[in-house]
Every structure is written in C-alpha cells, then in structure tokens.
Amino acid sequence: MQNAFEAIAAPRRRDILRLVHTEELTAGAIAANFGDVSRPAISQHLRVLREAGLIRERRDGTRRLYSADTGGLDALRDYLGRFWDERLETLKTEAEREERSKRNA
Amino acid sequence: MPDATKTEAIVREIHIDASPETVFGFFTEPDKLTRWLAEEATLDPRPGGINHQTHAGGPDNPGGPYFMRGEFVEVEPPSRVVFTWGFENPEVDIEPGASTVEVTLDAEDGGTRVRVVHSGLPESELAAHREGWTEMLGRLAPAVEGRSRGT
C-alpha cells in the first residue's frame with residue numbers, strides 16, 4: 001500500500017487516475033490532456049501507477065490501454081462469497097435440526 | 001474480447017443431512033428463512049411473487065438494516081427455486097432485479113446437495129464503486145501531500 005500512497009502523492013498522477021477511472025485510454029490520449037507534460041513523463045507516471053496496482057494495462061493489437069484498477073467488484077464478490085458461506089453453514093445447522101425434530105415428532 | 005467488467009457467478013455447494021423437502025421450506029417459508037438468511041421475510045413463493053427480506057448489518061457491513069427486494073422466478077418443490085436479488089438501499093450496489101440466486105437441491109447420500117449460484121452481479125456496480133474511488137482519492141490526497149511535501 002506504501003506504493004499506492006506514494007503513487008497518488010503526485011498531483012499529476014491523481015489527474016491521470018481521474019481520467020482513466022471512467023474509460024480506458026491510450027498513453028497518447030492521456031498525454032493529450034496535459035499540454036505541459038512530455039510523453040516520456042506520462043509513460044513514467046503510468047508505470048508508477050501500474051506498479052502500485054492503481055491502474056491496469058491491456059494490450060489491444062499494437063495499442064496499450066490504461067484503466068483504473070478499483071478492485072471494487074472483487075471486494076463485492078469477496079463479501080458475497082463470505083456471506084453465502086456463512087449463511088449456508090447456518091442453513092445446514094437449522095435444516096438438520098428441523099429434520100431431526102420431524103423424525104422425532 | 002472478454003468484457004473486463006463482467007463478473008463470474010458466485011457458486012457455493014454444501015451437503016445437508018436433511019431431505020430436499022425439508023431444505024426447500026427454508027427458502028420459501030418466512031418462519032424458516034428467518035432462521036438462517038434474514039431477520040424478517042415476506043415470501044410469496046410462486047413465479048412473479050415477492051421475496052422481500054430484511055438483513056441486519058454485520059461486522060463486514062455495519063450499516064444495515066438492508067432491504068432485499070426480490071421476486072421468485074422459478075419455484076419447483078423440492079428441487080429448485082430461483083429468485084432475483086437486489087437492495088432498496090442506494091448504498092448497496094445491487095439494485096432490485098439486478099442479480100439472480102438459483103438454488104438447486106439434489107438428493108444425495110440420504111440428505112441433500114444444495115447448490116447456490118448467485119449470478120448477474122451487475123456491471124453498473126462499477127460506476128458506484130468508482131464514485132467511492134474518487135472520494136477516496138479526494139480524502140487521501142491532502143494526507144499524502146502533507147506527508148510528502150518537499151520530497
């Protein structure tokens with residue numbers, strides 16, 4: 001997480017994150033938003049963000065596309081997975097109790 | 001090309017030492033459903049019938065209560081029940097009707113093999129998470145700027 005904190009400490013990198021959090025963009029499209037920043041500097045920022053796990057890089061033919069890696073869906077899936085694990089254990093306990101009481105009735 | 005925002009279904013299976021008939025009731029009868037899944041339930045177990053549940057918050061989701069507003073899609077005792085799954089609470093990123101829970105009950109070794117497939121977890125969720133993401137950045141930025149100023 002240290003890396004992520006460091007990665008977003010630079011205002012420029014936060015600007016880049018905001019750009020790619022709603023759409024996938026190429027480095028060129030990202031650079032086009034910053035007239036005062038060189039392409040190599042943008043590439044360097046993208047590398048830092050990627051290494052910090054904040055953006056994803058995807059190849060599409062010869063292009064490389066960048067998008068924010070929010071982890072949001074993974075978190076929801078993890079939560080629901082644990083939810084069903086716990087609830088089904090309780091279902092097992094309760095249904096088996098019900099079955100025993102039926103048999104003894 | 002695979003859609004990066006599509007989520008795979010959550011699949012869980014468990015063996016229960018009770019007949020499919022017994023287990024089935026735990027999905028369709030309020031007094032039984034509230035013994036394992038929800039605090040309160042209003043159930044009309046027929047296709048198109050309501051499946052409303054109130055869930056308490058837990059250690060993972062202290063907000064609560066959460067109002068699940070689903071609808072039965074298939075009801076085939078004692079082997080299969082399907083219902084939609086979504087929440088009235090705007091802070092939960094699954095809207096009513098957005099996802100589906102498919103339950104299959106098969107007789108197995110004198111008991112029941114229960115299979116739950118929770119699918120259709122919506123892509124639109126990503127948007128809600130992104131809101132949270134931007135907020136998080138907004139909160140973090142002053143902190144990290146304070147720490148790293150001059151470096």
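Student: Are B:F72 and B:F83 buried or exposed?

Tutor: B:F72 is buried, as is B:F83. Buried stands for under 20% relative accessible area, exposed for over 50% and partly exposed for what lies in between, with a 1.4 Å probe and protein chains only. The model is predicted, so local features need pLDDT of at least 70 and side-chain atom pairs pLDDT 80 or more, while totals for chains, interfaces and linings use all residues. Residues are numbered from 1 along each chain as written, chains are lettered from A and ligands numbered from 1 in the order written, and side-chain values use heavy atoms, without hydrogens and water.

Student: How many aromatic pairs are there over all chains?

Tutor: The count is seven. Rings of Phe, Tyr and Trp (its six-membered ring) pair when their centres lie within 6.5 Å; planes under 30 degrees apart are stacked, over 60 edge-to-face, and the rest tilted.

Student: Why is the pair of B:F72 and B:F83 called edge-to-face?

Tutor: The centres of B:F72 and B:F83 are 6.1 Å apart and the planes make 65 degrees, to be set against the limits of 6.5 Å and 60 degrees. The pair is therefore edge-to-face.

Student: What does this pair tie together?

Tutor: B:F72 is in strand β4 (residues 66-76) of chain B and B:F83 in strand β5 (residues 80-85) of chain B, so the pair links parts eleven residues apart in sequence. Strands here are DSSP runs of E, at least two residues, and helices runs of H or I, at least four, numbered from the N terminus. Both phenylalanines also belong to one aromatic cluster with A:F83, A:W84, B:W85 and B:F87.

Student: What makes β1 (residues 10-16) and β7 (residues 111-119) of chain B paired strands?

Tutor: Pairing needs at least two DSSP bridges between two strands. Seven bridges join β1(B) to β7(B), and the two run antiparallel.

Student: What lies between β6(B) and β7(B)?

Tutor: Two residues separate these strands of a hairpin, and B:D109 in the turn has a positive phi of about 50 degrees.

Student: Which residues of helix α2 (residues 11-20) of chain A are buried?

Tutor: They are A:R13, A:R14, A:I16, A:L17 and A:V20.

Student: How do you know that they line one face of α2(A)?

Tutor: Viewed down the axis of α2(A), the buried residues fall within an arc of 155 degrees, so they line one face. The arc is taken over directions from the helix axis to the C-beta atoms.
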